[in-house]
Amino acid sequence: MSDTHNSQNAHGGHGFETVAIHAGNTADPLTGAVVPPIYQVSTYKQDGVGGLRGGYEYSRSANPTRTALEENLAALEGGRQGLAFASGLAAEDCLLRTLLSPGDHVVIPNDAYGGTFRLFAKVVSRWGVEWSVADTSDPASVRAALTPKTKVIWVETPSNPLLGITDIAAVAQVAREAGARLVVDNTFASPYLQQPLALGADVVVHSLTKYMGGHSDVVGGALIVADPALGDELAYHQNAMGAVAGPMDAWLVLRGIKTLPVRMDRHSENATKVADMLSRHARVTRVLYPGLPEHPGHEVAAKQMKAFGGMVSFQVEGGEEAAVAVCDRAKLFTLGESLGGVESLIEHPGRMTHASVAGSALEVPSDLVRLSVGIESADDLLADLQQALG
Ligand SMILES: Cc1ncc(COP(=O)(O)O)c(C=O)c1O
């Protein structure tokens, strides 16, 4: 598996773990505090009109705690600029309104977070942006969906909730040929496991709510770009539109990121054990985990990811009611939306996170259960799933 990202030049020669802890986390110049303070402030005293200290004038435009997180995010993804938002969807909204104009066309995946689909289908489409759905795990399907007006190709890999894998480098090539920008939602992998910009993507999107925050205690989003001109344009729109990350939220994410590498290693180990157990269970008809050799995206995932992550989905014998019953019987796996925290979660995508795609090309199987495998003792997690499966 790839681990080229562990010592990239963009990180000044330091390993990923070092960058996660140190990038943006410079000691506070006033006190030497080793953790950046939470600058819970809206405005800044000016040294005479226009005499800004460190460029700070108003916290929608910039806030030192958010700056620390944005520097950290840019370093982790190997980008030139990071921008932190109030949620993943706020980041996506800012990106789409920056990149698209009426008449433009977007290719979206046939498997994506339901909220992302809803943003395209119910919000962005209302101001004259057209979209087509493609199977992004097949570059030929992406190519077939292009029109002369395609400006953006959107990819989520691994995808939510079907754990589909897209070959980022291959689709980046398609995007380049079409003169479109490739956006990769890296929420499921995190930059520790996957580096989309190095593989040719133009923009990385995150729901920081998930693995980056890592503790189910904050909602946030991010955009990271390699092109400084695009970074400037996005920063302009971020300020103009205003859905920025608050200082407390930025601080929580910055804190969470320090343990991202160790958490992702354990998430991946535990998820592998869970996927193995499920694939041998009599009541499970299909397991979706890119670490399994029989997963159709296994080889691509092994090429572009350091490990396979903490998300596992599976289908159960007995249809929708049986899937719902498994969710209801789980005890240690908490029944809830979201993912990526240290605690394990279980949910029924059809009725919960992906209810908004019902009846669309993105509809998910009704017998599907999604797990966010946490970092508890693996034996306890296996035992809980075994009792929940009955
Ligand atoms: C893959 C993915 N992208 C984006 C989002 C949206 O992020 P947020 O909930 O922080 O707005 C989510 C949320 O579940 C997600 O799973």
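Trainee: What makes helix 9 (residues 247-257) mostly covered?
Mentor: The count does: 8 of its 11 residues are buried. Buried means under 20% relative accessible area, exposed over 50%, partly exposed in between (1.4 Å probe, protein chains only). The buried ones are Pro247, Ala250, Trp251, Leu252, Val253, Leu254, Gly256 and Ile257. They pack against helix 1 (16-22), helix 2 (64-77) and helix 10. Contact here means heavy atoms within 4.5 Å.

Trainee: What should I keep in mind about the source?
Mentor: This is a predicted model, where local features need pLDDT of at least 70, side-chain atom pairs count only at pLDDT 80 or more, and totals for chains, interfaces and linings use all residues. Residues are numbered from 1 along each chain as its sequence is written, and side-chain values use heavy atoms, leaving out hydrogens and water.

Trainee: How do you know where a helix or strand begins?
Mentor: Helices (H or I, at least four residues) and strands (E, at least two) are DSSP runs, numbered from the N terminus.

Trainee: Which angle do helix 3 and helix 8 make?
Mentor: Helix 3 (residues 88-99) and helix 8 (residues 228-241) pack at about 115°, with axes 10 Å apart. Axes are lines fitted to C-alpha atoms, for helices over the stretch in contact, and angles run from 0 to 180 degrees between N-to-C directions. The crossing of helix 3 and helix 8 is right-handed. Helix 3 brings Asp93, Cys94, Leu95, Arg97, Thr98 and Leu99; helix 8 brings Leu230, Glu233, Leu234, His237, Gln238 and Met241. These divide into 6 nonpolar, 3 polar and 3 charged residues. Ala, Val, Leu, Ile, Met, Phe, Trp, Tyr, Cys and Pro count as nonpolar, Asp, Glu, Lys and Arg as charged, and the others, Gly among them, as polar.

Trainee: How do helix 3 and helix 4 pack?
Mentor: At about 35°, with axes 11 Å apart. Leu89, Glu92, Asp93 and Leu96 of helix 3 meet Gly115, Thr116, Arg118, Leu119 and Phe120 of helix 4. By class, that contact has 4 nonpolar, 2 polar and 3 charged residues.

Trainee: What covers the buried residues of helix 4?
Mentor: The cover includes helix 3, strand 2 (105-109), strand 3 (130-134) and strand 4 (150-156). The residues covered are Gly114, Gly115, Thr116, Phe117, Leu119 and Phe120.

Trainee: How many disulfides does the search find?
Mentor: It finds 0 in the whole structure. A pair of cysteine sulfur atoms would have to lie within 2.5 Å. Cys94 is buried at 2%, and Cys327 is also buried, at 2%.

Trainee: What does the record say about Lys210?
Mentor: The unreviewed UniProt entry annotates Lys210 as "modified residue: N6-(pyridoxal phosphate)lysine". UniProt positions are given in the numbering used here, feature names are shortened, and annotations may be inferred rather than shown by experiment. Lys210 lies in the loop between strand 6 (203-207) and strand 7 (221-225). Its relative accessible area is 14%, so the label is buried. Leaving aside neighbours within four places in sequence, Lys210 contacts Thr187, Ser338, Leu339 and Gly340.

Trainee: What makes the phi of Ser338 worth a note?
Mentor: Most residues other than glycine have a negative phi. Ser338 is not a glycine, yet its phi is about 75°. At 28%, Ser338 is partly exposed. Ser190 also has a positive phi, about 70°, but it is buried, at 0%.

Trainee: Which peptide bond from Asn160 is cis?
Mentor: The one to Pro161, with omega near 10°. Another cis bond joins Thr157 and Pro158, at about -10°. Most peptide bonds are trans. Pro158 is in the loop between strand 4 and helix 6 (168-178), and Pro161 is in the loop between strand 4 and helix 6.

Key. Left-handed = near helix turned anticlockwise from the far one by under 90°.
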